[in-house]
Amino acid sequence: MIDRGYHGIYGGAFLPEILVATFDELETVFRQVKADPAFWQEYVTLMSTYSCRPTPLTFAENLSRHFGGAHLYIKREDLNHTGAHKANNVMGQGLLVKRMGKTRVIAETGAGQHGVATATMAARFGFQCTIYMGEVDMERQRPNVFWMERLGAEVVPVREGTRILKDAINEAFRDWVSHMDTTHYVLGTACGPHPFPEMVSYFQSIIGQEARRQILEREGKLPTRVYACVGGGSNALGIFSGFMDDPVELVGVEAGGRGLHSGQHAVRLCSPDASVGVAQGYKTYFLQDADGQMKETHSVAAGLDYVGVSPILAHLKETGRVRFEAATDSEVVEALALTIRAEGVIPALESAHAFVQAFMEAPSLTSDDILIINQSGRGDKDIFTVADALGDENWKRFIGSKAAQYAVE
Ligand SMILES: Cc1ncc(COP(=O)(O)O)c(C=O)c1O
């Protein structure tokens, strides 16, 4: 396995002996379905009847006028069932689980979005479901924990390490080692050991296929640039894949947190704080210290603060095919507020990172240029963070009165 799944020097599968047969089986099934056009059709039909595919490509007329340069389009992954592109990956993996005849799924989650999507898929297909979540993230994302439990999932708090996403991933692998016969691990992004990066990107490529077709129908030409936020890298690879062989500039935007020099960010591909290493079963850029210990990450967007990044993106950075930038927390909140007000759409904080960079670049281009921004998810889940960041006094009063009400009860 270690010889397979390389993208340049990145990727591979660094596995304990006991998991090798399971990964072999997964790779075999994945190869079979990739070669089977009926499988892709089954997937597209499922996504168009259970989720909202094809998602629209919206012309952001007011923002385009506001910046006075390029025409801005928004790819609306927020309109997927469960509110983000995560649905594309989990429903695809659900179909694979059915093919493998397994009955239980497990997953890790940080922001909770992938956990909710996986629990939804499990409910739909009738699988048992266990979600691993760092204790700290469980506190930050209580509404998502509530929904996962209602959907029938067992949510297991992870108390190891720093009690966030990377610790939840370790715990999910531990579970998998003991239950390989019945269980599939639904990894949530284009990271981890081979074949996960390729498999997740394959399901997410539906975004790029649609976006390319839609912009050609609408404008009769390709965009100048495509922007996407980068956590693990799945929404970015999904939309980029539609334009990989075209003369289109691809821009990935990472979480700049409190600034590139603050040490409080999650920038792996355009910061000297990250270096190449092997962890969690694959080789890529990690935010790690000289001894290989993972550093703490920070972002206003819980879905972007991961220490590693897709090995496919690491390779695309090296070849120069994708340009990487970083947006800070405060830039993100500002871009979010403007987008909500100007267009009446509410991007997730994660997605708003891509908006920041497009807004910075649009004014220096002309109306012949088209920029597509991938709105990977919707922002309803961020109400606590955004209301805090904007200092909304009425919201504080509302939460205060709810807290008082529960204290009395
Ligand atoms: C809405 C949204 N966008 C983006 C991401 C980042 O993930 P990825 O880089 O795999 O697209 C997340 C992760 O939770 C998310 O919830």
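Okay, let's start at Pro54, which sits in the loop between H2 and E3. Helices here (H or I, at least four residues) and strands (E, at least two) are DSSP runs, numbered from the N terminus. A cis peptide bond joins Arg53 to Pro54, with omega at about -5°.

Quick housekeeping. This is a predicted model, where local features need pLDDT of at least 70 and side-chain atom pairs count only at pLDDT 80 or more, while totals for chains, interfaces and linings use all residues. Residues are numbered from 1 along each chain as its sequence is written, and side-chain values use heavy atoms, with hydrogens and water left out.

Back to the backbone. There's another cis bond from His194 to Pro195, omega near 15°, and Pro195 is in the loop between strand E8 (183-185) and H9. Then two positive phi values on residues that aren't glycine: Thr82 at about 70° and Gln280 at about 45°. Thr82 is in the loop between strand E4 (71-76) and H4. Gln280 is in the loop between strand E11 (274-279) and strand E12 (282-287). Why point these out? Because most residues other than glycine have a negative phi, and most peptide bonds are trans. Gln280 counts as buried because its relative accessible area is 18%, and buried means under 20%, exposed over 50%, partly exposed in between (1.4 Å probe, protein chains only).

Now, salt bridges, meaning a side-chain nitrogen of Lys or Arg within 4 Å of a carboxyl oxygen of Asp or Glu. How many salt bridges are in the whole structure? The search finds 27.

Arg53 comes up again here, with its side chain meeting Glu210 in a salt bridge at 2.9 Å, N to O. That pair links distant parts of the chain, 157 residues apart: Arg53 is in the loop between helix H2 (37-50) and strand E3 (57-59), and Glu210 is in helix H9 (residues 196-219). Arg53 is buried at 5% relative accessibility, and Glu210 is buried at 5% as well.

Glu135 and Arg163 form another one, closest N and O atoms 3.2 Å apart. This pair also links distant parts of the chain, with Glu135 in helix H6 (residues 135-140) and Arg163 in the loop between strand E7 (154-158) and helix H8 (165-178), 28 residues apart. Here Glu135 is partly exposed at 21%, and Arg163 is partly exposed at 33%.

Arg31 is partly exposed at 37%, whereas Glu27 is buried at 9%. Those two also belong to a salt-bridge network with Arg4, Asp24 and Glu198.

Last topic, the ligand. Where does the ligand sit? In the largest cavity. The surroundings come to 17 residues, and the closest are Thr189, Gly231, Gly233, Ser234 and Ser376. Ser376 has a polar side-chain atom 2.7 Å from a ligand nitrogen. On the oxygen side, a ligand oxygen is 2.8 Å from an N or O atom in the His85 side chain, and the Asn235 side chain has an N or O atom 2.8 Å from a ligand oxygen. The protein covers 97% of the 390 Å² of accessible area that the ligand has on its own; those areas are Shrake-Rupley with a 1.4 Å probe, and for residues only the protein chains shown count as cover. 

And the terms behind that: a residue is near a molecule if one of its heavy atoms lies within 4 Å of it. On a 1 Å grid over the protein atoms alone, a cavity is a set of points where a 1.4 Å probe fits but cannot get out, and a molecule sits in one if more than half of its atoms lie within 2 Å of its grid points.

Terms used. Polar contact = N/O pair within 3.5 Å; in protein donor to acceptor, adjacent residues only side chain to side chain. 1 Å grid on protein atoms, 1.4 Å probe; cavity = no way out; pocket = protein on both sides within 12 Å on 5 of 7 lines; lining within 4 Å.
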